[in-house]
Amino acid sequence: MKYIFVTGGVVSSLGKGLAAASIGTLLEHCGLDVTMQKFDPYLNIDPGTMSPYQHGEVYVLNDGTETDLDLGHYERFVHCELTKLNNLTSGKVFEQVLGKERKGEYLGKTVQYIPHVTDEIKQRLRDLTEANKECDVIITEIGGTVGDIEGYLFLEALRQFALEVGRQNCCFIHVTLLPYIKAAGETKTKPTQQSVAKLREIGIQPDIIVCRTELDNLTEEEKIKIGMFCNVPTDHVVAFRDVQHSIYECPLDLGRDGVDRIVTQVLGITVPKPRMDEWQKFVARVIYPSHSVRIAVVGKYISLQDAYKSIYESFTHAGAANDCRVEILRVDADSLEHEKCEEVIGEVDGILVPGGFGTRGIEGKIKAVRYAREKNIPFLGICLGMQVAVIEFARNVLGKKEANSTEFTPDTPDPVICLQEEQKHIENMGATMRLGAFPAHIRPGTLCSKLYNGQEIVSERHRHRYEFNAAYRSECEKAGMVFSAVNDEHGLVEVVELPNLDHFIACQYHPEFQSRPTAPHPLFQGLVAAALNHRQR
């Protein structure tokens, strides 16, 4: 097994995860089997209890693990299915170490950061290696910035691990910032030098330095200077430029400087050049589409780009498949409660209402659903989006004016959405929802069946506590709502639709977590296609 470790320096939000994922893409297109991993130094067990404003979206894996959004990039850029072994936090490390201490597994020894905590981190690398014996390369991204106190133990563990498996089997890549000082007309290398010096203090010498830059390229003088002060060959200093149109240009950008050649040389691997033809075709469809549509996303966390990252990426995939650019109109559900949909949403070709938690913005989401239903605008609801679609239907079609979810109004006389039975006595917030992949059985002859190309059973990822109240199913069906997919084992309603409209469908699960660049999710592809038809009409 070969190992690539990606660290970051100078500032956060450099695109370290995208750099790691892009390198994975290049290596995969060289013919290597790649899997990816994220080490997060924060003390949360996982990001499941964090606000999207703090951490962006929570990305859910098939096995139900709640992870950092970078793992979404990994699964979209590389053909790997990730599990709980692919994400580790400081909180999880300390939980495991202290659990072993309580059980007496350290045989009376004093439990210390080194070796016990670092051993636990190294064990996760060994566990992932054992579980992926067919892989050639494991790429591990270390969250945070070199110099952060909480990240020190992870870096120390990697230093030890590289000695244990052989330095020739490891490649350290350091992603750093080259700030351009406009007034001076100069690019400054000093922050990079100091960041690498900090890394070398720990005992890690980077093999490759990836420089995030606003400029089109690095000068030879800058490369020589960085190489000399950071103790790396000049040709191992590469640029990571700001892409113009799409993050899917990143592998092509890094490929310009031959990062794949440098990495495989460091690791002693002989492989052909990456065959990026299909990737280039996909990127071309993203950048130069023939059509365009405008779709409103009505969300609670709309001001933060990363809060709905997977949804926006799913629109990119679906747009490319439909030869169509998807322009996103971001609508704050909270402000919509006090304004008219005609003024805020206006003329759009589609509406999507995503998931979320809490009462804020709920009435705005319900207004958006009603606007889509009454105006016959193509609609897709996801998780909470399905629940508010049911609430809107109950209020304005069934006439149950006080219908609601018990999450928002515990004493509502018509709880069309209620807490799942198995959730009623749970006290802990973390990792206690319905999480991960579950089967959905699709009813033939429905819009859902058409979008999934006639599949009878699909597996989709969930993250929710509340569900449709089955006591209202018969009444809803009589009024025209179709329940087009259910989970037979648990009786959970998975998909609802209104067949009297051109395109109105909502699902309890999160389809955005399984959309890929060359395999867009059927529900997103269907919404974009319906939006395109709506615009042409």
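Axes are lines fitted to C-alpha atoms, for helices over the stretch in contact, and angles run from 0 to 180 degrees between N-to-C directions. Helices (H or I, at least four residues) and strands (E, at least two) are DSSP runs, numbered from the N terminus. The model is predicted: local features need pLDDT of at least 70, side-chain atom pairs count only at pLDDT 80 or more, and totals for chains, interfaces and linings use all residues. Residues are numbered from 1 along each chain as its sequence is written, and side-chain values use heavy atoms, without hydrogens and water.

**Exercise 1.** Describe how H1 and H3 cross.

Step 1. Two packed helices are described by the angle between their axes and the distance between the axes.
Step 2. The axes of H1 (residues 16–28) and H3 come within 9 Å and cross at roughly 20°.
Step 3. Angles under 35 degrees count as roughly parallel, so H1 is roughly parallel to H3.

**Exercise 2.** List the residues through which H1 and H3 meet, and class them.

Step 1. Contact means heavy atoms within 4.5 Å.
Step 2. From H1 come Gly-17, Leu-18, Ala-21, Ser-22, Thr-25 and Glu-28; from H3, Asp-70, His-73, Tyr-74 and Phe-77.
Step 3. The classes are 4 nonpolar, 4 polar and 2 charged residues. Ala, Val, Leu, Ile, Met, Phe, Trp, Tyr, Cys and Pro count as nonpolar, Asp, Glu, Lys and Arg as charged, and the others, Gly among them, as polar.

How values were computed. Angles under 35 degrees count as roughly parallel, over 145 as roughly antiparallel, 65 to 115 as roughly perpendicular and the rest as oblique.
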